[in-house]
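I opened this notebook to record what I looked up about contacts within and between the chains of one model. The entries follow the order in which I worked.

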Number of protein chains: 2
Amino acid sequence: MRILITSGGTTENIDQVRGITNFATGSLGKLIAERFLLANHEVILLAGRGALLPKPHPQLTVLTITDVADLLAATTKWTPQADIFIHSMAVSDYTPVYMTDFDTVAASSNLQEFLAKSNTEDKIASQSDYQVLFLKKTPKVITSIKRHNPNIILFGFKLLVDVSKEHLISVARSALTQNQADYVLANDLTEITATMHHGLLISQNPKDAIIEAYTKLDIADLIVRKSEETYDQHHTRHNR
Amino acid sequence: MRILITSGGTTENIDQVRGITNFATGSLGKLIAERFLLANHEVILLAGRGALLPKPHPQLTVLTITDVADLLAATTKWTPQADIFIHSMAVSDYTPVYMTDFDTVAASSNLQEFLAKSNTEDKIASQSDYQVLFLKKTPKVITSIKRHNPNIILFGFKLLVDVSKEHLISVARSALTQNQADYVLANDLTEITATMHHGLLISQNPKDAIIEAYTKLDIADLIVRKSEETYDQHHTRHNR
């Protein structure tokens, strides 16, 4: 199988010297890539700046992604050519539109004007005591995946912080439907440490039990196993 | 001599999953540290998250810095104990105060109210099409250095983007006075590539010629040489 994996975090530039970064080491994506390689699959890894990477391998292609625009271009290109899509990247929800000083914003009678502006300077001046940054929602990359390839097997990820298991499952189920994902790996930042990573694998099929894993390695192996099973099922069905 | 070097970039958290990062690889700070170690000096390196680091060395101490608050604490502690301070870190000018959706801000009759708020959620919700982030100026770390140690020899850095040489020098001279620096290394992002790094070393003494360097290694060696010369001058003078 050919596996497309996203990993690490995206950065949306504010100007040429600073940006908004989603924190992610890329360690889970790296491990998932390594386990697929070990099982003899081909891996294309779309990795955020500074993400941990597997060692070079003849079946591995690594492409560096900076922002959501990069990620959209890469997934549009590679999704039609892949069998499995594993979207473990921490993707920026918002991207900067315009930054200016607080007094300018407070003096405006219509804040909508700032949504139509953009900074032309390479490095935004830093004189005023307070500044205001306007941001707009980025396009959701995951919702376009099945459009580019209806047969791809899609694993989404949902990371929340300090919520109940019930709430985490409910949010993950909504994401599953919204994004037409086959699986969502739901996790809570408070249950991720250097040695532990508690994850819940939730299937599109409501009859499937939720599978729990407790380390990154367990999560990676679970994703490899479920990918292979689901791929085999699809292909058996198609060939009948 | 004992050399305190800051390197890499700081990150100011917006919430637990994202933050504003100043871009910096830490490669120049690493090289400066290595050249001082080679000249038999002791180095304390305050390095931003993900900054490139020298190999371990008996005369080298590395401390990791996340945000400006960390940096202030570390410089307050170490500045009185150092002879030379080299501030090559890309430090965040602003830190997040409060983030909320655009409609809430547009509906407010007094934007000042948002400067007194703070987000209590661990991960700020991402439903609205536009959001607004209010930021406040961070304390300038470099202005406090001579207060903590009037005898320290202070090297500031000034990075601008795509400006004339005259403008760069004029901004660097202002920074020199404002921060009571002994030297400022002025550079322009458009003149920094993988192989080249054009820098201008500007001295507090207006009679000193501006010294130009064209690679990171040249800049590092120039800083080592000027540190040793200036330290010797101070100590000769004191002992007369």
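**Entry 1: conventions.** I am working with a predicted model, in which local features need pLDDT of at least 70, side-chain atom pairs count only at pLDDT 80 or more, and totals for chains, interfaces and linings use all residues. Residues are numbered from 1 along each chain as its sequence is written, chains are lettered from A and ligands numbered from 1 in the order in which they are written, and side-chain values use heavy atoms, with hydrogens and water left out.

**Entry 2: domains of chain A.** I noted that chain A is divided into domain 1 (2-93 + 139-239) and domain 2 (94-137), with bounds from an automatic or database domain assignment. Their centres, taken over C-alpha atoms, are separated by 34 Å. I found 11 residues of domain 1 in contact with 11 residues of domain 2, contact meaning heavy atoms within 4.5 Å.

The two domains bury about 950 Å² between them, 58% of it on carbon and sulfur atoms; buried area is the accessible area (1.4 Å probe) that two parts lose on being put together, summed over both. On the domain 1 side, A:I14, A:R18 and A:D93 supply 46% of the buried area, more than any other three residues.

**Entry 3: chain B against chain A.** I recorded 40 residues of chain B in contact with 40 residues of chain A. The area buried between the chains is about 3,700 Å², of which carbon and sulfur atoms give 63%. In chain B, the residues that lose the most area to chain A are B:F23, B:Y94 and B:F102, together 17% of what that side buries.

Entry 4: Across the chain interface the rule finds 2 salt bridges. In one salt bridge I traced, the side chains of B:D93 and A:R18 meet at 3.0 Å, N to O.

I then followed the strands, which are DSSP runs (E, at least two residues) numbered from the N terminus. β3(A) and β3(B) pair in the antiparallel sense over 5 bridges, where pairing requires that DSSP finds at least two bridges between two strands. Within this pairing I located A:G19 opposite B:T21 in β3(B).

How values were computed:
Salt bridge = Lys/Arg side-chain N within 4 Å of Asp/Glu carboxyl O. Helix = DSSP H or I, 4+ residues; strand = E, 2+ residues; numbered from the N terminus.
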